[in-house]
Amino acid sequence: MNGRQLRTRFQGVAVVAAGLLALTACGGSAPAEKSAGSGKDDKASAATRSVKHDAGTAEKVPAQPQRIVSVSVTMTGHLLALDAPVIASQATPPSVITDKQGFFTQWSDAAAKNSVKVAYQGFEPEVEKVLALKPDLIIGASSGAENAEKFYDKLSAVAPTLLYRHDDVSWQDLTARLGKDLGLEERATEVVAAHDKRVGEVKAAITVPKQSAALVRDNQSAMTVFTPESAQGRLLTSLGFTVLEPPAGKGQTQGGRSDFAEFSQEKVADTAKDSSLLFVSHTPEEITAATARPVWKDLPAVKDKRVYDLGLDTFRLDYYSAGNLIDKIEKSFG
């Protein structure tokens with residue numbers, strides 16, 4: 001073998017060795033080889049478990065994860081409320097509902113307090129950036145704009161991955177489920193109990209209008225209507241409101257969501273009739289512009305000033321934004 005061939009072989013060995021080291025580092029501590037009668041093996045087995053989630057079943061999920069990366073900016077709020085060890089999260093392009101780095105304003109302070117980093121910005125997971133963070137668990141969504149189901153196999157190769165729908169459940173139910181799956185049941189119970197106590201206090205202190213409440217979001221050419229079964233609808237119902245059903249017929253939905261649908265402005269206005277109008281995720285200026293349109297300006301709710309702003313952060317409800325919505329309701333109806 002000449003010198004050139006020898007150098008080539010050594011280079012190949014070096015590349016393989018580097019790859020193995022990288023895999024070991026990214027995957028965390030590898031389980032020990034099983035040996036007969038080893039007590040350590042029993043502990044290793046007890047430290048992980050199988051978890052059924054909305055995209056399948058994940059194996060070897062840490063019983064007490066230490067480095068969670070969230071690939072869903074929606075799920076991050078739920079995780080922070082649970083005091084889960086989130087080290088990084090997906091971020092969205094900055095907007096009026098986020099801070100400068102793309103974290104939702106309702107929990108951005110909690111993220112800063114817990115030193116949560118931006119994993120990447122955008123709705124498709126950047127797997128290489130997630131890998132570099134060395135997570136022992138990845139949490140994501142299987143609904144909404146950040147649906148990560150088609151990336152599940154790639155993410156699972158980095159670390160055990162759990163994906164959840166957040167559109168067809170209340171945030172309380174999702175919090176309880178996460179608490180169970182992450183070994184944080186006690187904290188989940190505390191979070192939901194604190195919310196329920198606040199709901200009871202505000203319900204006793206407000207006067208709910210006799211008319212039904214239409215939960216809407218203006219999209220210029222169309223109008224989104226939130227169903228009574230949406231997270232927003234369930235919260236309003238718990239406060240004593242009667243939430244208006246969407247117009248008859250099938251509206252346009254986003255990403256298979258079942259909590260809201262989009263209809264024409266005319267169809268929504270005709271369905272709303274005498275309902276009060278509660279606007280989800282708008283600035284006051286946007287609400288004024290929407291209700292000034294010919295199709296809305298003569299509705300009883302507009303004439304009687306039964307138009308209410310639920311806040312910019314109410315499009316996605318978690319513990320934090322639900323609390324903000326309750327504060328808005330208390331101020332408007334207390």
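Predicted model: local features only at pLDDT ≥ 70, side-chain atom pairs only at ≥ 80, totals over all residues.
Me: Which residues lie nearest the centre of the second largest pocket, and how many residues line this pocket?

Reply: Rolling a probe the size of a water molecule over the atoms shows where empty space is left. On a 1 Å grid over the protein atoms alone, a pocket is an open set of points with protein on both sides within 12 Å along at least five of seven lines, a cavity is a set where a 1.4 Å probe fits but cannot get out, and lining residues have an atom within 4 Å of a point. Here, 30 residues line the second largest pocket, and Ile97, Arg217, Ser281, Phe315 and Arg316 lie nearest its centre. The elements that give two or more residues to this lining are β8 (213–218), β10 (260–264) and α11 (284–291). Helices (H or I, at least four residues) and strands (E, at least two) are DSSP runs, numbered from the N terminus.

Me: What is the volume of the second largest pocket, and how is its lining divided by class?

Reply: A volume is the space filled by probe spheres set on the grid points, which are joined across faces, edges and corners. For the second largest pocket this comes to about 500 Å³. Its lining has 10 nonpolar, 12 polar and eight charged residues. Ala, Val, Leu, Ile, Met, Phe, Trp, Tyr, Cys and Pro count as nonpolar, Asp, Glu, Lys and Arg as charged, and the others, Gly among them, as polar.

Me: How many cavities of 30 Å³ or more does a search of the whole structure find, and which residues line the second largest cavity?

Reply: The search finds two cavities of 30 Å³ or more. The second largest cavity, with a volume of about 50 Å³, is lined by Ile97, Phe104, Gln106, Ser281, Leu312, Asp313, Thr314, Phe315 and Arg316. By class, four of these residues are nonpolar, three polar and two charged. Ile97, Ser281, Phe315 and Arg316 also lie among the residues nearest the centre of the second largest pocket.

Me: What share of the residues in the protein is buried?

Reply: Buried means under 20% relative accessible area, exposed over 50%, and partly exposed in between (1.4 Å probe, protein chains only). Of the 334 residues in the protein, 47% are buried. The secondary structure comes to 14 helices and 12 strands.

Me: How many residues does the largest nonpolar core have, and which helix gives the most to this core?

Reply: A nonpolar core is a set of buried Ala, Val, Leu, Ile, Met, Phe, Trp, Tyr and Cys residues joined through side-chain atoms within 4.5 Å. The largest has 46 residues, and those with the most contacts inside it are Leu79, Trp107, Ile139, Leu162, Tyr164 and Leu182. Helix α3 (residues 73–81) gives the most to this core, with five residues. A second, separate core of 26 residues includes Trp171, Leu239, Tyr308 and Leu325. In α3, nine of nine residues are buried, among them Thr74 and His78.

Me: Where is Thr175 placed, and what does Thr175 touch?

Reply: Contact means heavy atoms within 4.5 Å. Thr175 is in helix α7 (residues 171–182) and counts as buried because its relative accessibility is 1%. Not counting residues up to four places away in sequence, Thr175 touches His78, Leu82, Ala188, Val191 and Val192.

Me: What covers the buried residues of α9?

Reply: The cover includes α8 (185–205), β8, β9, β11 (276–279) and α14 (319–333). The buried residues of α9 (residues 231–238) are Ala231, Gln232, Gly233, Leu235 and Leu236.

How values were computed
Residues numbered from 1 in each chain as written. Heavy atoms only, no water.
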